[in-house]
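Thanks for coming, everyone. Let me put the structure up, and then I'll walk through the helix packing.

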Amino acid sequence: MVDTTSLTRAVDHFADRLRAAPQSRLQRAGAAQALALAREFARRAQLAERPGCEPREMPDAGMFAAADQVTVAGHDLALVLKNEAEVEEAVRLVQEALKRAGV
């Protein structure tokens, strides 16, 4: 079993930053970056769980739900990752999204 603690911590940190961010930051980039990351994580998790099936796109539930969407998608992905390289890649994606989000 692969240790995904670093991923869940990174995802939780990003979500906490989003929840603490002012609405203006969410509108500028925070929510869009969070949704893009959540969609990518959801896509990866679905492909791992159901290879060959077309993944469904996570809907846009609004800027105030972005933190929850990142959390759910990140934790779901952590359950299906198979090796340390996949964990490191996912952590890198969180770190990049956090920088672009400006929160």
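This is a predicted model: local features need pLDDT of at least 70, side-chain atom pairs count only at pLDDT 80 or more; totals for chains, interfaces and linings use all residues.

Residues are numbered from 1 along each chain as its sequence is written, and side-chain values use heavy atoms, with hydrogens and water left out.

Some terms next. Helices are DSSP runs of H or I, at least four residues, and strands are runs of E, at least two, numbered from the N terminus. Two packed helices are described by the angle between their axes and the distance between the axes. Axes are lines fitted to C-alpha atoms, for helices over the stretch in contact, and angles run from 0 to 180 degrees between N-to-C directions. Under 35 degrees counts as roughly parallel, over 145 as roughly antiparallel, 65 to 115 as roughly perpendicular, and the rest as oblique. A crossing is left-handed if the near helix is turned anticlockwise from the far one by less than a right angle, and right-handed if clockwise. Contact means heavy atoms within 4.5 Å.

First pair. Helix 1 covers residues 5-20 and helix 2 covers residues 23-49; they pack at about 150°, with axes 11 Å apart. That makes helix 1 roughly antiparallel to helix 2. Their crossing is left-handed. On the helix 1 side we have Leu7, Val11, Phe14 and Leu18; they meet Leu26, Gly30, Ala34, Leu37 and Phe41 of helix 2. By class, that contact has 8 nonpolar residues, 1 polar and no charged. The classes: Ala, Val, Leu, Ile, Met, Phe, Trp, Tyr, Cys and Pro are nonpolar, Asp, Glu, Lys and Arg are charged, and the others, Gly among them, are polar.

Second pair. The axes of helix 1 and helix 4 come within 9 Å and cross at roughly 15°. So helix 1 is roughly parallel to helix 4. This crossing is left-handed. Helix 1 brings Ser6, Leu7, Ala10, Val11, His13, Phe14 and Arg17, while helix 4 brings Val87, Ala90, Val91, Val94, Ala97, Leu98 and Ala101. The count is 11 nonpolar, 2 polar and 1 charged.

Third pair. Helix 2 and helix 4 pack at about 165°, with axes 8 Å apart. They are therefore roughly antiparallel to each other. Here the crossing is right-handed. Helix 2 contributes Arg25, Ala29, Gly30, Gln33, Leu37, Glu40, Phe41 and Arg44; helix 4 contributes Glu89, Ala90, Leu93, Val94, Ala97, Arg100 and Ala101. This contact divides into 8 nonpolar, 2 polar and 5 charged residues.

Now the core. A nonpolar core is a set of buried Ala, Val, Leu, Ile, Met, Phe, Trp, Tyr and Cys residues joined through side-chain atoms within 4.5 Å. Buried means under 20% relative accessible area, exposed over 50%, partly exposed in between, with a 1.4 Å probe and protein chains only. Which of the 34 residues in the largest nonpolar core touch the most other members? They are Leu7, Phe14, Leu18, Leu37, Phe41, Val70 and Val94. Helix 1, helix 2, helix 3 and helix 4 (84-101) each supply at least two residues of this core.

Look at phenylalanine 41. Beyond its neighbours within four places in sequence, it contacts Leu7, Val11, Ala73, Gly74, Leu77, Ala90, Leu93 and Val94.

Alanine 34 is in helix 2. It is buried, at 0% relative accessible area. Alanine 34 and valine 94 are 60 residues apart in sequence, but 8.9 Å apart in space, C-alpha to C-alpha.

Glutamine 69 sits in helix 3 (residues 66-80). Is glutamine 69 buried or exposed? Buried, with a relative accessible area of 10%. Not counting residues up to four places away, glutamine 69 touches Leu35, Ala38, Met58, Pro59 and Ala61. Threonine 4 lies in the segment before helix 1. Threonine 4 is buried too, at 14%.

Last, glutamate 84, in helix 4. At 40% relative accessibility, glutamate 84 counts as partly exposed. Leaving aside neighbours within four places, glutamate 84 is in contact with Val2 and Asp3.
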